[in-house]
Amino acid sequence: MHQQKKKSFLCCAVLLSAGSLCFLSCRAASSVELLLLGRLLVGLASGLTTGVIPMYLAEVSPIKLRGAMGVLCPLGLTAGVVVGQVTSLEQVLGTEAHWHYALSCYSVLNLFCYAFYFWIPESPKYLYSVKGDQAGSLRAIRKLFGRHSIGDDYIKLQMECANGQSGSSNNGMPVDDGQPPPASRTLWSVLRDPTLTLPLLLVCALQGGQQLSGINAVFFYSVSIFESVGLSSNAAKFANLGVGCLNLFVSLFAPLLMARYNRRTLSLLSCSSCAVILFMLTLSIHFIEMVDWFSYLCIGSILLYIIFYQFGLGPIPFFIGSELFDLGPRPTAMAMGSLSSWGCNFIVGMAFPTLQTVWGAFVFLPFSITCVLLTILIKFYLPETRGKEVTEVAQKVAQGFRSKVKD
């Protein structure tokens, strides 16, 4: 992650391309090993993508658009889920003869990574603060914002560097004072820094909690719920696709929400609402055989959960690390957050089927409790970041759990 963001994009594209080749050839070769290798490569690319893209978008965006740009990554992820749902339908590619095409169809979209690679500029902050390349930074700014914005944005960049995002400077150039530059902070140095304990906990808790809030479990369980109200197996799958489309539709409003409303407000509303809705879903599933209309209450709970999830719990964890950390420790923090997210995703995927068999409807209670805990953490320790300098936000959480984060 300390490497150039632009090269990271190319690395993601190469990993995804290699994974798609494995998927395409595994059926013809009757090789489970190729299938597993493809999953491994795509998993590596996914982790790298969800860490690098939000960080890049935050670094190239003006402060007033930082939130709106930051949600583009989860918006693309949500759109990808819908594309996956469509291609996996039996009427499309979800058959025994074509499943490998369904797994590898993303390679068509992956071509855009190569097509726009040479057009996308490197992050100006990276060029200026880490590489000390003023000329390269100016070229990147000119490419991003146009000639009329060069003066203001370049001055802004210098101010951020002077305020501590890139350490000491001398006439716009980094000073070699014998200390490692902030962007070269190691994992161990970040973990040992007490001023970074709280923001690192927030990033990992929000990204991990996003997965432990039950979004994937809800999608998994929704097919059986639709079948319980009388839909056929095929119709239930289409209804589940409708839930995915609702998820995408609501996520389209995320850029507007991030630009107009505070992160704390949206996060508190989203987490607390999801906690209540998941508890309601648990009770309605448990008593579904006793009360006829509880089947419709289950469906309503799922739809409400999707809506409130996309208000904050869905998009905000992806980019909040870029607003809590200065340029130096930011790559390490984003990597830790991505590790937390995918690790919790793995735990849910492995444990949910077994817990569902043992606990039945009460399998959703841990997800509800997770949302309650996130609500408490956000209320007391997440500072407001909308429209604020990263350095200002970082100072608010520098005192750990003694920090006063409320304005």
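Predicted model: local features only at pLDDT ≥ 70, side-chain atom pairs only at ≥ 80, totals over all residues.
Lysine 237 is partly exposed, with a relative accessibility of 35%. Lysine 237 sits in helix α13 (residues 233-251), while glutamate 90 is in the loop between α4 (72-87) and α5. The pair links distant parts of the chain, 147 residues apart.

**The other salt bridges**

The whole structure has 4 salt bridges. Next, select arginine 330 and glutamate 59. Their side chains meet in a salt bridge, with 3.4 Å from N to O. Colour helix α18 (residues 330-359) to find arginine 330, and helix α2 (residues 32-60) to find glutamate 59. Is arginine 330 buried or exposed? Arginine 330 has a relative accessible area of 1%, so it is buried. Glutamate 59 counts as buried too, at 4% relative accessibility.

Move on to arginine 66 and glutamate 323. A salt bridge joins their side chains, at 3.0 Å from N to O. Arginine 66 lies in helix α3 (residues 66-70) and glutamate 323 in helix α17 (residues 316-324), so this pair ties together parts that are 257 residues apart in sequence. Arginine 66 counts as buried at 5% relative accessibility, and glutamate 323 counts as buried at 0%.

**Serine 104**

Go to helix α5 (residues 99-104), where serine 104 is found. Serine 104 has a relative accessible area of 4%, so it is buried. Show the backbone of histidine 100 as well: its oxygen lies 2.9 Å from a polar atom of the serine 104 side chain. Then look for what else touches serine 104. Leaving aside neighbours within four places in sequence, serine 104 is in contact with Ser20, Phe23 and Leu24.

**The cysteines**

Select the cysteines and show their sulfur atoms. How many disulfides are there? The count is 0. Cysteine 11 is in no disulfide, and the nearest cysteine sulfur, that of cysteine 12, is 5.9 Å away. Cysteine 11 is partly exposed, with a relative accessible area of 36%.

Now select cysteine 204. Cysteine 204 is buried, with a relative accessible area of 18%.

**The whole chain**

The chain has 20 helices and 2 strands. Of its 407 residues, 47% are buried. Among contacts with a separation of 6 or more, 76% are between residues 24 or more positions apart.

Technical notes
Residues numbered from 1 in each chain as written. Heavy atoms only, no water. Helix = DSSP H or I, 4+ residues; strand = E, 2+ residues; numbered from the N terminus. Buried < 20%, exposed > 50% of the residue type's maximum accessible area, 1.4 Å probe, protein only. Polar contact = N/O pair within 3.5 Å; in protein donor to acceptor, adjacent residues only side chain to side chain. Contact = heavy atoms within 4.5 Å. Disulfide = S-S within 2.5 Å.
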